[in-house]
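Subject: Structure handover

Dear colleague,

I am passing on the structure we discussed, and I would be glad if you could look through it with the notes below beside you.

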Amino acid sequence: MNFDGETVSADALEAMLAAEGMSLQDAQFESSAVGLVGTGKVGASIVQDADSGCIAAVLGRPRWLDADASELAVLRGQAAAAVALYRKYGANCLQRIHGNFALALIDGRNRRLLLAVDRTGTERLCLSRVGPLLVFSTSARAVARHPRIQAPLNRQALFEYLYCHMVPSPDTAFAGVEKLLPAERLQLDGANVRRDFYWQLAYDESAAADEAGRKRRFIELVEQAVARQNDPRPTGAFLSGGTDSSTVSGMLGRVTGKPAETFSIGFDAQGFDELDYARITSTHFGTRPHEYYVTPDDVAEAIPLIAAAYDEPFGNASAAPTYFCAKLAKKCGMEVVLAGDGGDEFFGGNARYAKQGVFEHYHALPPALRRMVEPLILNFPLGSSLWPVRKAQSYVRQARIPLPDRLETYNFLHRDPLADIFEPAFLGEIDADRPLALMREAYFRCASPEPVERMMHLDHKFTLADNDLRKVSRMCEAAGIEVRYPFLDDDLVAFSGTLSTEQKVNGGRLRVLFKDALRGFLPDETISKSKHGFGLPFGVWLNTHGALQTLTRDALSSLAQRGIVRASYLEKLRREHATEHASYYGVMIWVLVQLELWLQRN
């Protein structure tokens, strides 16, 4: 749909969409003066400003730091506020916007375009350029299928998917289509395109109060964040029983003054069920609990649904329980649900932060001492048969690998030579080093020199924005419910930068200040429990469940014909799953099945 930004109003756009039986999910708007096309999304605010000739679209729940813009957002919509800020600050208007948002603004008179996503990457924008035309959308698939783009599959991205279990930004599954990274903006001025970051987390522990003051401030900010994400509509909280979801559930009750509606998932499989911890939190805060046990039949139902739901292949198996938990909340009348994602990445909650600190001690040794010690340990006679020497050799070999590469030493694709996994023609087309190159970019872009904070910065991009937020947001959307993330509140994220590394990770302790501040608020069992995650016993169930076995067998047989993964490797993987660690090998089988089902639909 084309229209001239000088003559067509937002109301007229809405009317045209209705007349053509289209929703904003299908809408495309073009400014013929600069040759730009964009695709909107349900819930987007769109406006054309007659005074400036600007057209803006805003998706999400932005929070405007300027009082005038905030008032204008209430009176005329989010897009009108964006135009007002742009007219006042230009592209720097993004520094005056908090919350989650995707923004597209066309300045037709000055032949300029501004695209941006929020600081934590909750929302997203994908784009592709062909000559003077720039196509953008919240969906990589929508961009790829645009009549002027028609992008083929990106085989490099398929390798990255198998390495990362998702396609990391800026790449997408379609050649020539890219995603914006968290806090990234694209500016087009005439024929010139520039991409940069309008924000990065600042690290300044001198700006904070004393220890007691920091704990009080943390609690205040968490409460404020939950209050901001609470809604007049029925609002509940996901509750896994971990510290993040428990904190959100407890704060929701405090903010509303009534028991929170909480939603939890269980599994009838040894080592996977955490409902007991969720029940401890529910009892402690007096929530109104709702529980659902995911079955193998549910998973068989969810596998094709997940493949169809995502615009790129997505291999995080916990998407399945997330979907059923969101579906439960929807069935119980909720319209909004709060999730605990983000606490690990900004406050130091991942176990690898502590583990990698042990290896970093090795790098603190003088280089001359390391050069002397390494040959003695690595070449020790019969060292592999002596347990202490064998452990020392393993330590040195891992410690010699610098971060962030060391984080991937256990990656599944490192278990076998790539030539044994992939077909020669496919392997010849891809850059096997690109996943690590993307990780290094995120790791070293961090404004802190500290390894712990650099790992957290890497996880913000890869684990959170590229993976967990995509998982939860898309599954909630599929279930028909809106999800919000209090731990991604901008003020709370900024506060994390004022903490010292020791207040995040100290020796083997994770989230030190986070947990110390919550003592007395959370149950003691929640504070002391080890991190578990939201795992799915797919590999275990695959050994005995007929429908899962049939689905998996058919998908892997089909994948073997595509010239990507060797049939011999797929058969080896199935044997190892059946005879060794079912849960471990089940992860890669899930990833491969999802790839095949996604390829069948794309």
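For the charged patch described next, Asp and Glu are counted as negative, and a patch takes in residues that have over 30% relative accessible area and no salt bridge, with like charges joined within 9 Å. Please keep in mind that this is a predicted model.

On the surface, Asp204, Glu205, Glu450 and Glu502 come together in a patch of negative charge. One of these residues, glutamate 205, sits in the loop that runs between β11 (192-197) and α6 (211-229), and with a relative accessibility of 45% glutamate 205 is classed as partly exposed. There is also a nonpolar surface patch of about 360 Å², to which Leu365, Leu369, Met372 and Leu376 contribute; leucine 369 belongs to helix α13 (residues 367-378) and is partly exposed, at 32% relative accessible area.

Turning to the strands, β6 (residues 112-117) is largely enclosed by the rest of the structure, because five of its six residues are buried. Strand β5 (residues 97-107) runs antiparallel to β6 and is joined to it by six bridges, with aspartate 107 standing opposite arginine 112. These two strands form a hairpin with four residues between them, and arginine 111, in the turn, has a positive phi of about 55°. Strand β10 (residues 184-189) is also antiparallel to β6, through five bridges, and here leucine 114 faces glutamine 187.

The structure contains 46 salt bridges. One of them joins the side chains of lysine 179 and glutamate 312, at 2.9 Å from N to O; lysine 179 is in strand β9 (residues 178-179) and glutamate 312 in the loop between α9 (296-309) and α10 (319-331), so that distant parts of the chain, 133 residues apart, are linked. Both lysine 179 and glutamate 312 are buried.

Lysine 529 and glutamate 274 form another salt bridge, their closest N and O atoms being 3.1 Å apart, and because each lies in a loop, the former between α21 (524-528) and α22 (538-542) and the latter between β13 (261-267) and α8 (275-285), the pair ties together parts that are 255 residues apart in sequence. Lysine 529 counts as buried at 11% relative accessibility, as does glutamate 274 at 12%.

Within helix α6, arginine 217 and glutamate 220 are three residues apart, about one turn of the helix, and form a salt bridge at 3.3 Å. Finally, Asp231, Arg233, Glu335, Glu482 and Arg484 are linked in a network of salt bridges.

With best wishes

Technical notes
Residues are numbered from 1 along each chain as its sequence is written. This is a predicted model: local features need pLDDT of at least 70, side-chain atom pairs count only at pLDDT 80 or more; totals for chains, interfaces and linings use all residues. Side-chain values use heavy atoms; hydrogens and water are left out. Patches are made of residues with over 30% relative accessible area and no salt bridge: like charges are joined within 9 Å, nonpolar side chains (Val, Leu, Ile, Met, Phe, Trp, Tyr) within 5 Å. Accessible areas come from the Shrake-Rupley method with a 1.4 Å probe; for residues, only the protein chains shown count as cover. A salt bridge is a side-chain nitrogen of Lys or Arg within 4 Å of a carboxyl oxygen of Asp or Glu. Buried means under 20% relative accessible area, exposed over 50%, partly exposed in between (1.4 Å probe, protein chains only). The place of a charge is taken as NZ of Lys, CZ of Arg, CG of Asp or CD of Glu. Two strands pair if DSSP finds at least two bridges between them.
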